[in-house]
Amino acid sequence: MTSPISMRPTSRNLITILNIDGGGIRGVIPGVILQYLESELQELDGKEARLIDYFDVVSGTSTGGLITTMITAPNADNRPLFARKDIVPFYLEHGPKIFKQVGGPLAGFIKLLKTLVGPRYNGKYLKQVTSLLGTTKLSQTLTNIVIPTFDIKNMQPVIFSSFQVPREPNLDVQLADVCMGTSAAPTYLPAHYFQKGDREFNLIDGGMAVNNPSLLAIGEVTRQLMKAGPYFPVITPLDYTRYLLISLGTGTQKQTPKFDAKMASKWGVIGWLTNQGSTPLIDAFTQASADLVDIHNNTVFEALNSVDNYLRIQDDTLTGDLASTDIATKENLDGLVKIGEQLLDKPVSRVNINTGVVEPVPNGGTNREALKRFAKRLSDERKLRELGVPDKPLVE
């Protein structure tokens, strides 16, 4: 596999990473952000420019994994199957069918009953949607990808990584299976089983391992750099001045919390599995892992004087149905689109590594302005790599 903007030994080279968190139907929010980023890249480099032309690695969990495969899987012309303009319409069209809503006065009771006896949704329509990826395998993506899942039988994470395929051929599975596995959130969608060669996979949502997989992507690149092979620039693995990371969240409701310790202290199994339209246990797992990764990234980029190479875009003001994973009504979907659009004009924010609180960056401008700056850096990097230097794959 050859990466569209592969590595070469020059002091100005960057290792470029795009990350998309998990979050179910809230994938609409990063979809809006990606739409803007690709439009800026097209302003700089022409209407045929696509996100994969600029990133060495794309990582995603659950709904983020689905977006990852959408923008990296090839079509018949060996270009991305989906462009930025396709992502949000994809969610608007297919979201209500994946998460088919129950109406009427008994809706809450029916949801509770479904949660107690099995997953809320049977996953059949999601399987139908992922069939759009055809038989494309992990090794055939247009740039390197990293998508986590969790194997419920072996009780350990399974990371589907382009980097590992040469060493582990049984990981070279179809992208459709990867999407089904990383999206199989407990209580929401059924676990996904398949085989490749003599290996079995019994997969559930990658958010059980890591909902923000940007650190996995950095780790995969670091392992490649440690080999110091001919395909890599002369760079130490921890030279974070050479990493450029854009990480997109799917929104949280931290500023308007639903629960507190007084409430949670009275919950049994049912309370933790279904409460006020959400699943507190799953929400806690996924949000905790995403936040810890963000804190780690901020700490490392700051310590290594590379904080301007890291852009995290996240909204922590979601309320009501907007914070849900699966409420896919037209009203809610339209609301999520609006959240994404408003997020572009909110100030660039960063987690305070001492308090854990996300705060606006002084003189950081808006997310829209930051994306413009990052688009220019990505465009410059692409042009550097096109200056007559032979293309080299990022993977051996």
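I started with the contacts of Leu343, where contact means heavy atoms within 4.5 Å. Setting aside neighbours within four places in sequence, I found Leu343 touching Ile29, Ile33, Ile313, Gln314, Asp315 and Asn367. Leu343 sits in helix H11 (residues 330–344). Helices here are DSSP runs of H or I with at least four residues, strands are runs of E with at least two, and both are numbered from the N terminus. Leu343 has 1% relative accessibility, so I filed it as buried. The cut-offs are under 20% relative accessible area for buried, over 50% for exposed and partly exposed in between, with a 1.4 Å probe and protein chains only.

A note on provenance: the model is predicted, local features need pLDDT of at least 70, side-chain atom pairs count only at pLDDT 80 or more, and totals for chains, interfaces and linings use all residues. Residues are numbered from 1 along each chain as its sequence is written, and side-chain values use heavy atoms, with hydrogens and water left out.

**Whole chain**

I counted 12 helices and 10 strands. Of the 396 residues, 56% are buried. Among contacts between residues at least 6 apart in sequence, 74% join residues at least 24 apart.

**Strand E2**

Next I took E2 (residues 57–60). Which residues point which way? Val57 and Ser59 point one way, Val58 and Gly60 the other, and all are buried. In a regular strand the side chains alternate between the two faces of the sheet.

Then I checked pairing, which requires at least two DSSP bridges between two strands. E1 (residues 15–20) runs parallel to E2, joined by four bridges. Asn19 has Ser59 as its bridge partner in E2. E3 (residues 144–151) also runs parallel to E2, with three bridges. Opposite Val58 I found Ile145 of E3.

E1, helix H1 (residues 28–45) and E2 form a right-handed β-α-β unit. Right-handed means that, with the strands pointing away from the viewer, the path from the first strand over the helix to the second runs clockwise.

**Helix H2**

How many of the 10 residues of H2 (residues 63–72) are buried? I got 10 of 10, so H2 is largely enclosed by the rest of the structure.

I then looked at its packing on helix H3 (residues 84–98). The angle is about 130 degrees and the axes are 11 Å apart. Axes are lines fitted to C-alpha atoms, for helices over the stretch in contact, and angles run from 0 to 180 degrees between N-to-C directions. H2 and H3 are therefore oblique to each other. The classes are under 35 degrees for roughly parallel, over 145 for roughly antiparallel, 65 to 115 for roughly perpendicular and oblique for the rest.

**Positive phi**

Most residues other than glycine have a negative phi. I noted Thr187, not a glycine, with a positive phi of about 80 degrees. Thr187 lies in the loop between helix H6 (175–182) and strand E5 (192–196). Buried or exposed? Thr187 is buried, at 16% relative accessible area.

I also noted Asn305, with a positive phi near 55 degrees. Asn305 lies in the loop between helix H10 (280–303) and strand E8 (310–313). Asn305 is exposed, with 69% relative accessibility.
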